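Try each task yourself before reading its solution.

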Amino acid sequence: MKSLIDILDLTTGELDELIACAEDIIANPDKYAEICRGKKLATLFFEPSTRTRMSFEAAMYELGGNVISVTGAASSSAAKGESVADTAKTVSCYTDIIAIRHPKEGAAYVTAKNASVPVINAGDGGHCHPTQTLADLLTIWREKGRFTNLTIGVCGDLKFGRTVHSLINAMSRYEGNRFVLISPEELKVPSYVKKDVLQQKGIPYVQTTDLESVMPELDILYMTRVQRERVFNEEDYLRLKDSYILTVDKLKDAKQDLAILHPLPRVNEISVAVDDDPRACYFKQVLNGKYMRMALILKLLKEAGKIK
Amino acid sequence: MNIDSINNGVVIDHITAGNGMKLYDLLGLGELDCSVAIIKNVVSRKMGKKDIIKIDADIPVSFDVIGFVDPGATVNIIRGGVLVEKRAIEMPDELVNVIRCKNPRCITSCEQEIDHIFRLTDREHKVYRCIYCETKAN
């Protein structure tokens, strides 16, 4: 039974296959409108989410399937002390596929080990968020037409930003890419990402605290917010939250074909005026996320023999 | 300093000096009823200094624990006063319930029944990571 816990569970060949499927869904939505009729997706969201949960639900509905949901630990048996393992076994009895978000790192892995249906990690604490990376990859593909020879700037909270870690992991598998890591000192990329991914694979990277000085080099700028829920105290949050605010003025030296991405939600790290710039891709990214989740649901249900 | 030789038991030799107590704790040797000797800072021609543990009972010891703490150690099994097996230790690929994940955000911090599993991710630098949250063991 194949599940998606970490973006690296997918080979580059499988990523190509998902992107091709998403492109076909975009081109021929009617072809997919009934493909999951009679199938049910469980969305187990033990942590707040707007985009990811709605994106999964919209994806399943557009494939003709149904959705059953748990939102918040307080409204589920988790409040009574049920383990993640038992929840996985129970929910498997009702559904064909599970998407889970949980504040604890590794919760999706435990779910996958115990469920009898495919499991998709919709975010496990500060650890992984592979379907956001799928949205990021489709956006990069559609904007740049390649995954190679790109200078990728990631900016903001690089310590707790799970989307950043997944994106670095994913893009490190392609030739000729270079990373520019832009963050305050306190929110630098963890050493295991630098050592185990970038240094081990010999991928060039630079670390800086200055966004504007590196702007002209970038093909992709991946902005992130400082996450209040991950920073340990309010004082640190208030000090760090405005570290980087992307404005129209700061983009004056950027490449004309720069692609600006953001996993959203945005707080104030991208000025609303930037939304009108053709290089702003973050709302396209939201839509791309739905298409990639559709492609992923199809792939996992097919592999589980639940659809043809 | 002399420690009596053992008739039936286990001698863990070539332990890097200073690791003896860590091995004693992780192997749970404090819970045994038999005689256990830890000899620290023994002069060694190869190692300069080493620790040795002698267990006066033929009990199974976890090679995974020894491999994790000190892959250079050797295990000697003694029966009837004769060395019957001398085993070099290797780093295990996986550690199950040997050490606990210290990341407070890891699922193992709140799910009591889950095995604490660490996998060897970098043999050269002896790095083990939690399979759930990827936190490095230390």
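The exercises below use a predicted model and look at strands in chain A, then at chain B.

**Exercise 1.** Work out which strands pair with strand E5 (residues 151-155) of chain A, and in which sense.

Solution. Start with strand E6 (residues 178-182) of chain A: 5 bridges join E6(A) to E5(A), and the two run parallel. Next, take strand E8 (residues 220-223) of chain A, which is joined to E5(A) by 4 bridges, again running parallel. Now look at A:Gly153: its bridge partner in E6(A) is A:Val180, and its bridge partner in E8(A) is A:Leu221. Finally, follow the chain through helix H7 (residues 162-171): E5(A), H7(A) and E6(A) form a right-handed β-α-β unit.

**Exercise 2.** Decide how many residues of E5(A) are buried, and which way they point.

Solution. Count residues with 20 or more other C-beta atoms within 10 Å of their own as buried. By that count, 5 of the 5 residues in E5(A) are buried. Then sort them by direction: A:Thr151, A:Gly153 and A:Cys155 point one way, while A:Ile152 and A:Val154 point the other way.

**Exercise 3.** Find the strand order of the open 5-stranded sheet in chain B, and its edges.

Solution. The order reads E2-E3-E1-E4-E5, with antiparallel pairing. Strand E2 (36-44) and strand E5 (82-88) of chain B are the edge strands, each pairing on one side only. Neighbouring strands of this sheet are turned by 20 degrees on average, direction ignored. To check one pair, take strand E4 (residues 74-79) of chain B, which pairs with E5(B) over 6 antiparallel bridges; B:Ile78 stands opposite B:Leu83 there.

How values were computed:
Residues numbered from 1 in each chain as written. Chains lettered and ligands numbered in written order. Predicted model: local features only at pLDDT ≥ 70, side-chain atom pairs only at ≥ 80, totals over all residues. Pairing = 2+ DSSP bridges. Axes fitted to C-alpha atoms, helices over the stretch in contact; angles between N-to-C directions. Buried ≥ 20, exposed ≤ 12 C-beta atoms within 10 Å, placed from the backbone. Right-handed = clockwise from strand over helix to strand, strands pointing away.
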